[in-house]
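Please keep the sequence and the coordinates at hand while reading.

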Amino acid sequence: MFSSISTGSIIASLKSVLHKYFNAWLTRRIPQASRQQINHRNIFIMPTRFGAGLLMFMLLLFLLGTNYQNNVIILISYLLVSFFIVVLHHSFFNLSGLQFKATNSLQGFVDSTLYFPLVITSKKVRFTISFSFDQARVKTEQVIDHSVDENKSSKRKPSKSKPSNSALSKTTLAQLEIGENNIRIPYRVCQRGQYPLGRVLIISEFGFGLFKAWTRLDFAQQVTAYPKPIANVWTVKQQNLAIEVAENNLESYQDSFQPGQDEFHQLQHYQLGEPLSRVAWKHVAQGQGWLTKQYQQALSGKLQLDFERLPNGTLEQRLSWLSYAIKDCSTKQIAFSLKLPDQVVEYDHSAQHTLKCLTALARY
Amino acid sequence: MKNIIKPSFKQKFKPRKSKNPSENNDLKLTSQMYFCLLIFQLLNLATLVIQLHLLYLLFATFALALQFIVHLNIARKGALVSRLSQSIKSYVRPKILPPWLMLLLAISGSVAIAVAGQTLGLLLSMMHLLCFAYSLKMFEIPRRKDLYQLVVLGIFVATSSLIFIQSIYFSLAVIVLVFGNLMILLNLFAPTMAVLAQAKLVAKLGLYSVPLAVALFVGFPKLSPFWQVPSVESAKVGLSDSVKIGDIAQLALSDELAFRVSFQNSNPEHAQLYWRAMVLDDFDGVTWRQSRRDLSQNSQNSQSGQNAQSSYGSATFEQANSSADIELRGTGLSYQVIAEPSFQSWLFALDFATSEQGNIGQRDDFALFYRGIISQTLSYQVTSYPAAKMSATLPDATRALNLLLSTDNNPKLLAKGQQLRQQYPDDRQLINQVLTELNEENYYYTLQPPRLNNNSLDQFYFDTRAGFCEHYASSFTYLMRAAGIPARMVVGYLGGEFNLSGNYLSVYQRNAHAWSEVWLPNDGWQRIDPTAAVDPERVERGFSTSLMQEYDDLSSGLFSLQALRSMWWYKQVKMQIDAIDYQWTRWVIGYTGQKQSRVMAQLLASLKQGKNVLYFLLILAGAVLLFYGYKVVKGKAKGKAEDKIKALYLKTLKLMAQHQLVKARSMTAQQFADVIATARPELSANFCAISNGFAQLSYQNFADDISQQEHAKQLIKLQLSYRRLRWQLWLAKLGID
């Protein structure tokens, strides 16, 4: 038992070493760039299992022809062999010459699926090309300490290292038209932080399924993965604790809709979608039209999201709670400031502010 | 072999059964694809239709029809749905048969084939098993892997039909079919592609793969069989090794090809073309057979001819030269024979034949034979020495055998023989006397002789006097034996038809012939053809006119080809087709290891001489030039019509300049056109057309709006105007000068 584990770990470490060398080689071979054209320098091509099977079949035909001294059968086996070689080139040319342009970096929460936009320019019609992210390694690492359903999926396919098999994680273009094509490649965010996007795996088996032509391109883009928003702090169970902690800091956030708490500021015309509780019913009754009461919530209870004041939890949990709070504030358009042990993001409520805060969380 | 193959098929069935059908990555295909699969299955199986058993064919047809109906229904429903949502409908293969029924079918089918294997023979039962698996596989294609297997199985079925038939048209059809099967895969990967475009693509890729395949075929070493395989079993074709009177008449109506010959140097006379197949020297009064003397010498279990034949020596020149039996004289006549499968082992050659091939042996009656059964086209090289003296001395045993008579059967002929012997002590005189009798008395040659009671030679010789080669050869040989001259009957073919376009000789089954051989002291075995005495035309030209007429009467049924046959173009076309088939047979089917080494040696030798290198380079350079030329032309034709119009305008200006109409640099095109209109009004119409075309292109930015096709059309118009203009200018010049 013990030995098997140790051999397993040796193999794993060997694999990781190999992987490291492979990646280093790949970086030298296909350097990262936001615009790339693929050609013989960066396309790999290998026979698929079916291709290898067909080769065996050709051998079988050759044996049949030889044993029966039947030249026509031998001729057909030769024809298939050379067809195989022709298809090799054909499959290669289905990928070769494609031009890619990436412009956007990715931002999003952990465990959500983002879509990486890519512009592909082609001078001819191409068929059945699939795009995916090479996320195998990240996934398996992530499985250990994170989410439940992730664990499940990894259990379902313990030996499979290719994520390309699941339909969710890849985009397949049945036909690529001449000119510019816009595609969106799904990217599953697994780990918090700000890191390079990784390589896009572009695979084509077009032709006859005999060959798999592929390439891995690095478009030099970043992923900013915010912590997964978790609403634990405000769930019913921890309500009390949360209130206690938030007494000073979060009260206005909690009850921001209740009039009387904040200073009345002004009346404005009712906008569709504003809470009815803020409607100045008096004015409505008097026939002055729909007006809403605007409060100035700022002075008395500036909302500050403070990392230190969060309830006990692991680092990731705390960040997740903060993430939820920021997301929530952003949707409810409440201004706040964020305080992390190493930095403070000033009080604001713009979209950029939200992004700034989330990025700070991601980087922490 | 059967036992090995069967379990593997079983294994193929079983995992499919246990597979969980409710997995989510089931293969979805369009209905077009399903129909494609069905059609190709039908075509693949059709290549083997002659070989397959009727019961299996019924099963396969039923299976295909069932699936066809199911898919048709789905397609119909799909058509209704897709009116609402316009997308390509693909669906998981419907469950047509429940799993238990499939299992039952698989098992019962395999058992049935195993039972029928006794009568079918090993090869055919394996074929049936293969086709059966192919039929069943069609029902179950849950995954892409299964589709791959189905396609490969289909290719295998189509290819294996070549074991039985190898003619050029069939082979080409099978090759096309193989690529058609590959098109299914293309359809899988590019469902949006039009079917025609797919076919084009596959054809293009197929054509690209031809050169390498040909190079491999020519250059890759031809290997000898690795292991014994079950041979093709079929009814014997052509001559049989026991001849009763009347047998050859059936063959005489057969248009089937027996073998083809190409002579290395000159073609011999028709009357010289006695193709010896076998010698029948054992006569029991009714039937001529090969003597069983050699069998009795061998061990008791040698019932088959091959065992006995293995004791005979090879047919090499060395062997013949050292043998006491043969005295080689004269120059050799070299030729290549390509025999069609006869499922026997007789080979055909002119006397006296030697062959250097190891798989060819020679009996002591000088007939060549193949060590094995000719189950497919066989090509062999022979050198014959027509002037050779065969068996100058005759061993006593052979002499006794060739004088043996079953006396009770034909007493009158026996008596006649003995009487002749008394009259003519000299063998040659006696033979001549008999031949003269045959010639002068009213014997005649017919393919429809009157029936003879009990195959009586007496009745034929003295009463009916009508028969064909076999009757004459048989009675003549009998008569000779009765007269004490060692004689035997030889069966083979006479003559053949020269194909002028291919320069080869085709020998058909209808050229089957029988003649006699007598042994004369000092001269050895001499060929005597009594038929030649009766109907010399038969020997000189193949068929006499009267016989031709008879032949046509016999073969014409409801649908008569007689009129067609006589048309020269029909003959010409037939000859051409046959010539193509011959080249195919000679260079592809008959491309043996020996031939390959010969071709390679020739190639090497000419390479050494160096002249072919030059040719090769020239051809290569030509090909490259052609390719680039094609590309350039294509590129030009594509987008450069505008440039051509510009070029044409410049060319026109140059032409005008030659005729003292120079355009000043400052002039615009329109101004110059006006100048021309005033100076030479007769030219104006054509020049204006060109000038306007150019102006339109350059200044009005029209080019973006009109399509390439219109451009091309305009260009052609302008070119026409240019030619007219040139013509006018030329005329004007002549007129002035």
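The paragraphs below treat the chains, their contact, a pair of helices, the cores and some backbone details.

This is a predicted model, in which local features need pLDDT of at least 70 and side-chain atom pairs count only at pLDDT 80 or more, while totals for chains, interfaces and linings use all residues. Residues are numbered from 1 along each chain as its sequence is written, and chains are lettered from A and ligands numbered from 1 in the order in which they are written.

A residue is buried if 20 or more other C-beta atoms, placed from the backbone, lie within 10 Å of its own C-beta, exposed if 12 or fewer do, and partly exposed in between. By this criterion 29% of the 364 residues of chain A are buried, and 32% of the 737 residues of chain B. Two residues are in contact if their C-beta atoms, placed from the backbone, lie within 7 Å. Of the contacts in chain A with a separation of 6 or more, 73% link residues 24 or more positions apart; in chain B, 74% of contacts between residues at least 6 apart join residues at least 24 apart.

The contact between the chains takes 33 residues from chain A and 35 residues from chain B. On the side of chain A, α2 (49-67), α3, β6 (126-133) and β7 (170-176) each supply at least two residues, and the largest share, 14 residues, comes from α3(A). By class, this side has 21 nonpolar, 11 polar and one charged residues, where Ala, Val, Leu, Ile, Met, Phe, Trp, Tyr, Cys and Pro count as nonpolar, Asp, Glu, Lys and Arg as charged, and the others, Gly among them, as polar.

How do α2(A) and α3(A) lie relative to each other? Their axes come within 8 Å and cross at roughly 160°, the axes being lines fitted to C-alpha atoms over the stretch in contact and the angles running from 0 to 180 degrees between N-to-C directions. The two helices are therefore roughly antiparallel, a term for angles over 145 degrees. Residues of α2(A), including A:L61, meet residues of α3(A), including A:I76.

The largest nonpolar core has 118 residues, and A:I76 and B:V178 are among those with the most contacts inside it; such a core is a set of buried Ala, Val, Leu, Ile, Met, Phe, Trp, Tyr and Cys residues joined through C-beta atoms within 7 Å. Its largest share, 13 residues, comes from helix α3 (residues 71-95) of chain A. Beyond its neighbours within four places in sequence, A:I76 is in contact with A:L61, B:T159, B:I175 and B:V178. B:T159 lies in helix α6 (residues 144-160) of chain B and counts as buried, with 27 C-beta neighbours inside 10 Å.

Some backbone details remain. A cis peptide bond, with omega about -20°, joins B:D351 and B:F352. B:F366, which is not a glycine, has a positive phi of about 75°; B:F366 sits in the loop between β11 (360-362) and β12 (368-370) of chain B. Most residues other than glycine have a negative phi, and most peptide bonds are trans.

Notes. Helices (H or I, at least four residues) and strands (E, at least two) are DSSP runs, numbered from the N terminus. Angles under 35 degrees count as roughly parallel, over 145 as roughly antiparallel, 65 to 115 as roughly perpendicular and the rest as oblique.
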